[in-house]
Amino acid sequence: MAVLCIVASVLLQAGVYGFVSGTLDSSGSLALSCAGFGAAAVLFNTVLLARRLRRGPTAVAPGTRGLLVAMNVVTAVTFLSFYASLTWVPATLATGVETAMGPIVIALLGLAGRGRRVSRQGWLAAVVLVLLGVALGQRFAADSAFGPGVAAGLVLVVAAGVGAPVLALLSAELGRRGVDPVYVTAHRFHLTYLCGGVLLFLVGGPGGDWTTKLPTMLFTGVLAVTLPLFALQAGLQRIDPMVAMVLLTTLPGVTYLAETAFHGSFDAVSLAQICALILVAVWYLRVSGEDEPTPAAAEPPLISKA
């Protein structure tokens with residue numbers, strides 16, 4: 001079930017972003033994300049309020065508040081670094097590098113005692129996925145001149161690429177403590193939409209006619225951010241973080257396929273690279289023994305219980 005949650009998250013994000021590809025500038029993309037993160041906070045806090053009125057207060061495991069503060073900080077750094085990088089780095093290159101880093105960072109954190117050590121098959125998958133992800137991104141950025149701006153953008157992409165697997169480990173810890181994904185989703189995005197709103201203001205805002213676009217922006221934000229990130233959160237809390245990161249490496253390729261379906265572009269070499277990415281992900285899913293979700297208790301704790 002956890003695998004299906006992550007796959008659903010990938011498909012939903014890829015489908016929406018493939019559909020809107022080419023229609024948003026950097027401020028529009030940032031506005032879309034702020035709408036999605038803000039909607040997540042409103043929607044899932046409303047669900048929590050309804051539960052509280054019906055069932056009374058729900059006990060939360062000790063140490064949850066500290067983990068959620070960490071989730072807020074790492075989520076804000078991860079997503080805002082990624083969106084800021086789009087000023088200098090093509091989106092496909094940024095997405096390819098960010099997601100390709102996930103498995104190798106999980107493997108390195110395992111060596112440092114943060115999470116479970118990765119098997120030899122995991123290391124092989126991580127290295128191959130890094131090479132394929134960078135190659136796929138570079139194919140769409142072949143005409144981009146490398147300069148200080150691109151270098152700064154890539155530093156931000158690397159920050160986002162490190163943040164994503166840390167979020168997976170924090171989610172696994174929350175899963176071990178039995179925290180409801182609804183509760184996590186209700187509280188993990190506050191810093192992100194607040195900082196994102198400030199950043200959006202600094203880059204000039206969403207545009208003069210933003211009020212007429214607001215309903216569409218909110219609807220798209222719910223489809224592209226709110227729902228898929230809830231599904232992703234539910235999956236991350238019940239699965240080996242390495243498996244989750246491997247599955248997420250398929251996001252850039254599936255986005256490209258959705259873009260091709262909606263807008264008609266096609267490149268045979270890129271399609272072959274995408275197929276290779278997906279095959280590596282499926283292969284690792286099989287050899288990892290993740291036919292059923294890994295019990296959270298099987299993972300060494302990232303943070304000791306308070």
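**Entry 1: surface and burial**

I began with the surface: the chain exposes about 14100 Å², and carbon and sulfur atoms supply 69% of it. These areas come from the Shrake-Rupley method with a 1.4 Å probe, and for residues only the protein chains shown count as cover.

I noted that this is a predicted model, where local features need pLDDT of at least 70, side-chain atom pairs count only at pLDDT 80 or more, and totals for chains, interfaces and linings use all residues. Residues are numbered from 1 along each chain as its sequence is written, and side-chain values use heavy atoms, with hydrogens and water left out.

Next I looked up burial (buried means under 20% relative accessible area, exposed over 50%, partly exposed in between, with a 1.4 Å probe and protein chains only). Of the 306 residues in the chain, 48% are buried.

**Entry 2: helices and contacts**

How many helices and strands does the chain have? I found 12 helices and zero strands. Helices (H or I, at least four residues) and strands (E, at least two) are DSSP runs, numbered from the N terminus.

I then checked contacts, meaning heavy atoms within 4.5 Å. Among contacts between residues at least 6 apart in sequence, 90% join residues at least 24 apart.

**Entry 3: where α1 meets α11**

I followed helix α1 (residues 2-20) to helix α11 (residues 251-263); their axes come within 7 Å and cross at roughly 45°. That makes α1 oblique to α11. For the record, axes are lines fitted to C-alpha atoms, for helices over the stretch in contact, and angles run from 0 to 180 degrees between N-to-C directions. Angles under 35 degrees count as roughly parallel, over 145 as roughly antiparallel, 65 to 115 as roughly perpendicular, and the rest as oblique.

Residues making this contact include Val 10, Ala 14 and Tyr 17 of α1, and Val 254, Thr 255 and Phe 262 of α11.

Is Thr 255 buried or exposed? Thr 255 counts as buried, at 18% relative accessibility. Leaving aside neighbours within four places in sequence, Thr 255 touches Ala 14, Tyr 17 and Gly 18.

**Entry 4: two more residues**

I found Gly 161 in helix α6 (residues 148-176). Gly 161 counts as buried, at 0% relative accessibility. Apart from neighbours within four places in sequence, Gly 161 is in contact with Glu 98, Met 101, Gly 102 and Val 105. From Gly 161 to Thr 95 I count 66 residues in sequence, and 9.0 Å in space, C-alpha to C-alpha.

Leu 108 sits in helix α4 (residues 91-111). Leu 108 is partly exposed, with 48% relative accessibility. Its C-alpha atom is 9.4 Å from that of Trp 123, 15 residues away along the chain.

**Entry 5: cysteines**

Last, I looked for disulfides, a disulfide being a pair of cysteine sulfur atoms within 2.5 Å. By this rule the count is zero. Cys 34 is buried, with a relative accessible area of 15%, and Cys 5 is buried at 13%.
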